[in-house]
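Trainee: I would like to go through this protein with you, one question at a time.
Mentor: Go ahead.

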Amino acid sequence: MSDSDSEKKRKNSDESDSDDEEAVNSVQWPVQIRISIEFLSIGEVDTLNEKFHAEVRIISKWFDNRSDKKKYDRKRDWNPNLFIENAMHDVKEKIRHKAIILDKERREITETRLAKGNFWERIELQNFPLDTQELSITFASKLKTSQVSLIQNQKKISTIYFETLHSFRDQQKWKLYKMVNVSQQASYDIGSIKSINEIDAEANEFDGLNRIMKSKRAKFVATCFCSRRPAYYLINCFSFNFLITCLSLTIFSLETRLAPNRISGTFTLILTSVSFKWVSNRTLPTVSYLTSLDKYQITSIIYLVLCCVWHSTISSIGIDMSKKIIIDKIAVGVFALFFIVIQIVFSIRIFKAFQGLRELKLREERFIRQVPEYDDDDI
């Protein structure tokens, strides 16, 4: 390598270092970045693969002190290194920047990012099929919270457009709410650190929590909500399980001496319930907890097993047939009461789930009253 080439490389390196130092000195730490996330369209909500399709526009604004430059250069000027954390590999992005000189000392940088594709979301199915899902866009910076702060743009807050509700592709399966909630923590971050209520002030744990928070990446999470339309599952799952379990009471009409017939009939109902459960679970991801539908189906299977155990027990008891008939009639009443209690308990759970959907609807109405409508071109 010649001396001239080495000299050129050294000069370029020095210029790059000076540009980096100038870019860092052009902002005041921590830098406040005002974020607005707009849901332009939402496509399929894929429960099985825990993802949803959406098109979003993310507008980020911040100030720097390089008022001498009319154009923003993301390679030479200070860059917060923003990215969508939960974007999947097929997401396509278009990014453009605009610089507006405000006065002699500072300018405002606006980054507009259009993203379209599939986004990962952790699906919560405890209340399935009366579940409400959060569809979130997690916008983050590669810098720490001690360096940047991602906050809501109060002049143009995050929202979902009215047209998005009508163009929503999964309207047959989900109800989409015109409401957006913002936070600085993603749903999958919960539990990674202690909550404020668990901190021991005398043990000086506040300092430890503060250090942990400052070492984390800065995030801004915009979440819209959708609730599953449960009619399909209530009719095709709950109601059929109810009828299958209800049929177990008819087997008591057979005489106690016909134990093989009683047991075979109950076995048939058990196998039908188990097969029905596996078929209904094919549309759901494998999770480590039980959904409301799982609990109902498993309870029904346990009920049928107890009926089967009773039929085998009453036939093997060595007492008079007249006494067996009396005991069996008492058992019918006990099993019928147990069946009614099961239905009441799960009816209360369904009623509470509907109450939660009603509260979400009220939150949506309050959000609509508070949030103004924006023009698509207003950035």
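Trainee: What percentage of the 379 residues of the protein count as buried?
Mentor: This is a predicted model, where local features need pLDDT of at least 70, side-chain atom pairs count only at pLDDT 80 or more, and totals for chains, interfaces and linings use all residues. Residues are numbered from 1 along each chain as its sequence is written, and side-chain values use heavy atoms, with hydrogens and water left out. Buried means under 20% relative accessible area, exposed over 50% and partly exposed in between, with a 1.4 Å probe and protein chains only. Of the 379 residues, the share that counts as buried is 40%.

Trainee: Is Phe 139 buried or exposed?
Mentor: Phe 139 lies in strand β6, residues 132-144; a strand is a DSSP run of E with at least two residues, and a helix one of H or I with at least four, both numbered from the N terminus. The relative accessibility of Phe 139 is 0%, so this residue counts as buried.

Trainee: How far apart in space are Phe 139 and Ala 218?
Mentor: In sequence, 79 residues separate Phe 139 from Ala 218. From C-alpha to C-alpha, the distance between Phe 139 and Ala 218 is 8.6 Å.

Trainee: How are α5 and α6 oriented to each other?
Mentor: Helix α5 covers residues 259-280 and helix α6 residues 292-316, and the two pack with axes 9 Å apart at about 165°. Axes are lines fitted to C-alpha atoms over the stretch in contact, and angles run from 0 to 180 degrees between N-to-C directions. Angles under 35 degrees count as roughly parallel, 65 to 115 as roughly perpendicular, over 145 as roughly antiparallel and the rest as oblique. Therefore α5 and α6 are roughly antiparallel.
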